[in-house]
Amino acid sequence: MSTVTSLAEQGKTLLNDVFGYPEFRGEQAAIVNHVAAGGDALVLMPTGGGKSLCYQIPALLRPGTAVVVSPLIALMHDQVAALRELGINAAYLNSSLGAAEARAVERAFLAGELKLLYVAPERLLTERFLELLTRACIALFAIDEAHCVSQWGHDFRPEYLGLNVLHERFPRVPRIALTATADALTRQEIVTRLDLATARVFIASFDRPNIRYRIEEKHDGARQLRAFLDEHAGEAGIVYCGSRRKVEAVAASLAAAGLPALPYHAGLAADTRRRHQDRFLREEGLVMVATIAFGMGIDKPDVRFVAHLDLPGSIEGYYQETGRAGRDGLPAEAWMLWGAGDVAAQRRFIDASAAEDGFKRVAHAKLDALLALVETAGCRRQALLAYFGEASPPCGNCDNCLDPPRLWDASEPARKVLSAVYRTGQRFGAGHVIDVLLGRDTDNVRAWGHHNLSVFGIGGELDERRWRSLLRQLLLRGYLATDYAAHGGLKLTAAARPLLRGEQGFMLRETAGHPPRVNPARRAPTRPVAGAEALFERLRAWRRQLANDKGVPAYVILHDSTLRAIADARPANLDALSAVPGIGARKLEAYGAAILEIIAQAGFTPPA
Ligand code: ADP
Ligand code: ZN
């Protein structure tokens, strides 16, 4: 038998012993092996997928220090605190350190004492630091939030453009770039700008199975929000609003009702913003009412819900924002309210903007895609993932799967739409097609002679809003397509034929005109283990105290998911405790005795 254990086995051992997790998730094992063996990698994984381990374990497997480039100072602090909690020697270099502290970190780095060093990109690129790198032993370079290199993205960081210098100066050091941004264009940009053409690309599924998607029509926004928050009493969450003014109003009304809510938007003073963000990270159960200025780089694992009181800007935005819920893998909810009035307002806003026409068309198309998600009677997750090019079965964990909406037979109107698109020559947008169906006497109708068509004025049974909704669903389900090459006109696809010929029907969700449906109870299933909830609360109180004493967020000590598992299993001894996911050697040593005492003290005997 060989005495040499493979890298893969060593990686698994570190995962079990240091991090306390029984198994790698998805592609993690393959990525760890590839990078530990010296390969370059580009990793695309959704938020909460577990990107950090992909470079942290190779950092431990390879000689030298892993240099991690990260754009977010708050995130560096928490990551380093969490690593130290695991007994791993890590440090960071950024503008928050004084000169003497920075020197001390550099000395430790050169002496080879650090396993991981987190560095802000602007510091990394200084001649001084690059020279320092030549004198150190480097295990690997990890480039976190790699999409910051994209000039078209909203997180663009000019310093990221300089990062290919790492490859030029240190061609033998493996690099791993990581991002949660999915689209193909950004991916291509990362590859070119960071010189990663030969890197192996790992793409994880973008599904977040523990997030339950719910989308409701707005009737009485304030009441609906309160009802939703009642379902999440005591839990941390984010409530997104479309404007600063609304943030202020909603935060004030929640606070007046006695809820622990804080406002956050770019109009607040910098120190107020920092204070609110800090409290959200460190305290438990706070509700952050915010514009989208809040959220980037928030890796708080126990955000239990994300609510949207206004339509997000696009499906990408919706996915990013909702992705901040449930990073710890426990049940979480993404809840959105929408109103037809908001949609009309957004359309006017797009039309009134000074942007060029091409840009406006894309903005309308993105809004349409979002509305199709909102109006679909099918599985939300399926629609969401389809938008990112991923096929999946109905999920069983969204409002539509759990409580299928009422449908009406829209086959006839759908056929009318397809005929009108066809007869007008497959070159017009939704507006004109609807004008024709409704028999409107517009300049365009006259100019093209469309008042002479057989389809002119055949659509009196629905109003404009319903025709629009029907058109969006025909687009979403692939009966129509937007011809971007030809000025964004609508055209039929092959799928339209059986529907036109009457071989297939078309069902549509009932929305307007129906009384709001009462939401069935949708709380996560209650836990079967008696007393587990009480024990969980005691463990949380103990953790809160400890986190306060140490000045770190509670999740740096132990995650909610770990406390849950302890409360359910009620381990009687250290051995049993060590089997709980999230309890590695170091945590067992540091907290094992205290945890067992809480279990014993509280009179919680282990289940028979
Ligand atoms: P990302 O950076 O991709 O958003 P993180 O690296 O912060 O995600 O990981 C998200 C959560 O999942 C963290 O709480 C982490 O401890 C946990 N995690 C990561 N890998 C595993 C695993 N193999 N088993 C159990 N939990 C894991
Ligand atoms: Zn579903």
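**Labels and their cut-offs**

Guide: At 35% relative accessibility, Arg 282 is classed as partly exposed. This is a predicted model.

Visitor: What makes Arg 282 and Asp 78 a salt bridge?

Guide: Their side chains meet at 3.7 Å, N to O. The rule asks for a Lys or Arg side-chain nitrogen within 4 Å of an Asp or Glu carboxyl oxygen. The pair therefore qualifies.

Visitor: Which parts of the chain does that pair link?

Guide: Distant ones. Arg 282 sits in helix α12 (residues 270–282), and Asp 78 in helix α4 (residues 73–85). They are 204 residues apart.

Visitor: What makes Arg 214 and Glu 216 a salt bridge?

Guide: The closest N and O atoms are 3.5 Å apart. The limit is 4 Å, so the pair counts.

Visitor: Are these two partners buried or exposed, Arg 214 and Glu 216?

Guide: Arg 214 has 1% relative accessibility, so it is buried. Glu 216 has 14%, so it is buried as well. The cut-off in use is under 20%.

Visitor: How do you know that Asp 399 and Arg 380 form a salt bridge?

Guide: Their side chains meet at 2.9 Å, N to O.

Visitor: How many salt bridges does the rule give?

Guide: The count comes to 37. Some share partners: Glu 284, Glu 537, Arg 540, Arg 543, Arg 544 and Asp 560 are joined into one network.

Visitor: What makes the approach of Arg 327 to ligand 1 a polar contact?

Guide: A polar side-chain atom of Arg 327 lies 2.6 Å from a ligand oxygen. The limit for a pair of N or O atoms is 3.5 Å, so this is a polar contact. His 559 also passes, with a polar side-chain atom 3.2 Å from an oxygen of ligand 1. Glu 23 uses a backbone N or O atom, 2.9 Å from a ligand nitrogen.

Visitor: How many residues surround ligand 1?

Guide: The shell has 15 residues, with Tyr 21 and Gly 48 among the closest. It divides into 4 nonpolar, 7 polar and 4 charged.

Definitions and conventions:
Residues numbered from 1 in each chain as written. Chains lettered and ligands numbered in written order. Predicted model: local features only at pLDDT ≥ 70, side-chain atom pairs only at ≥ 80, totals over all residues. Heavy atoms only, no water. Near = heavy atom within 4 Å. Polar contact = N/O pair within 3.5 Å; in protein donor to acceptor, adjacent residues only side chain to side chain. Nonpolar A, V, L, I, M, F, W, Y, C, P; charged D, E, K, R; others polar. Helix = DSSP H or I, 4+ residues; strand = E, 2+ residues; numbered from the N terminus. Buried < 20%, exposed > 50% of the residue type's maximum accessible area, 1.4 Å probe, protein only.
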